[in-house]
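Here is a short report on part of a protein model. Look at the structure first, then read on.

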Amino acid sequence: MSMNTHARRRPGRRAAFAAGLVLAVGLGVATQAAAQAAAPAPAKASAKASAALRSVSGFNGDVVTQVADFYGAYIDAKDDAAGPDTALSKALRTHYLTPALAKKLEAWEKKNQADGVLRAQNVPARWTVSEGGNGLEVAVTLTYGGGESPTTTTRLVVKQEPTGHITDIRTTSVAPAKAAANASAAVRSISGRTGDSVTQVADFYGAYVDAKDAPAGPDAALSKALRAHYLTPAFAKRLEAWEKKNNVDGVLRAQNVPVQWTVSEGGNSREVAVTLTYGGGESPTVRTNLVAELEPVSGDVTDIRTTSAR
């Protein structure tokens, strides 16, 4: 599965950050300036694992990226092995939806006995978010079933306001490629697969960056809900201790947020490579390469370590 997108910045969001980025390398290691020596990129580290590496990239402030972050994390919350994670679902809806749409969806759900975000009573096996007919609309395709079950597809149009909040979700019968034909010759899209490790880590990092870079200030409730869902309790506790000592965010390894991120297959099935890019514009560009280690059964993150920063 290949998941790619290209940058399209939305007005009003931060496109550049102040100089003096503070990065930290490794849990339990003192905060330090970015290393000068470059280490092998994630693609090289996992070259032996796969000839065609799967990856997903996101851009801070990009419309397609943000809707993909929302749907990816929302599906993960609904499909949790221990049962739906209502705390995360609620935090995601509060962060991404306008209060008016949230109220409208609640009324629709009571009437139809289905989830208003997914337009179904269950979760999709696959999903794709693509450019829509204009800059503030994106197309969402949800595929249900598979295996012994018949496959059904639900197509949605998700509308955003300039600040990034979702103002409407409606069903449509128009395919994404046709809907965006007038907007772009090459339709940008991000795809995910339920239960896939690369997808889940990308969902976590994408939504976490959105929470940290909310226009009204960091969304602490969403950040907390995301960490509770995706991190094992033992690692979450260790990460908190590390953050108190180093005074930086342990998930991002910085005091600010990246402008770009990529999640790729790692060296083995239990590892996923994460590349975070900071700066841009008038600020120097700093790239941090991380490895997220996963619990083999649940897929929860058991460790995040830095492989290089430059």
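## Arg93 and its partners

In this predicted model, the side chain of Arg93 makes a polar contact with the side chain of Glu109, at 3.0 Å. A second polar contact links the Arg93 side chain to that of Tyr74, at 2.9 Å.

Arg93 sits in helix 3, which covers residues 86–96. Is Arg93 buried or exposed? Its relative accessible area is 13%. The cut-off for buried is under 20%, so Arg93 counts as buried. Leaving aside residues up to four places away in sequence, Arg93 touches Phe70, Tyr74, Leu105, Glu106, Glu109, Asp115 and Val117.

## Helix 2

Helix 2 runs over residues 63–78. Its 16 residues should span 22 Å at 1.5 Å a residue. The end C-alpha atoms of helix 2 are 23 Å apart, which agrees.

How many residues of helix 2 are buried? The count is 15 of the 16, so helix 2 is largely enclosed by the rest of the structure.

## How the two helices meet

The axes of helix 2 and helix 3 come within 9 Å. They cross at roughly 160 degrees. Angles over 145 degrees count as roughly antiparallel, so that is how helix 2 and helix 3 lie to each other. The crossing of helix 2 past helix 3 is left-handed.

Which residues make the contact? Helix 2 supplies Gln66, Asp69, Phe70, Ala73, Tyr74, Ala77 and Lys78. Helix 3 supplies Leu88, Ser89, Leu92, Arg93 and Tyr96.

Notes:
Residues are numbered from 1 along each chain as its sequence is written. This is a predicted model: local features need pLDDT of at least 70, side-chain atom pairs count only at pLDDT 80 or more; totals for chains, interfaces and linings use all residues. Side-chain values use heavy atoms; hydrogens and water are left out. Helices (H or I, at least four residues) and strands (E, at least two) are DSSP runs, numbered from the N terminus. The expected span of a helix is 1.5 Å times one less than its number of residues. Buried means under 20% relative accessible area, exposed over 50%, partly exposed in between (1.4 Å probe, protein chains only). A polar contact is a pair of N or O atoms within 3.5 Å; within protein, one must be able to donate a hydrogen and the other to accept it, and residues adjacent in sequence count only if both atoms are side-chain atoms. Contact means heavy atoms within 4.5 Å. Axes are lines fitted to C-alpha atoms, for helices over the stretch in contact, and angles run from 0 to 180 degrees between N-to-C directions. Angles under 35 degrees count as roughly parallel, over 145 as roughly antiparallel, 65 to 115 as roughly perpendicular and the rest as oblique. A crossing is left-handed if the near helix is turned anticlockwise from the far one by less than a right angle, and right-handed if clockwise.
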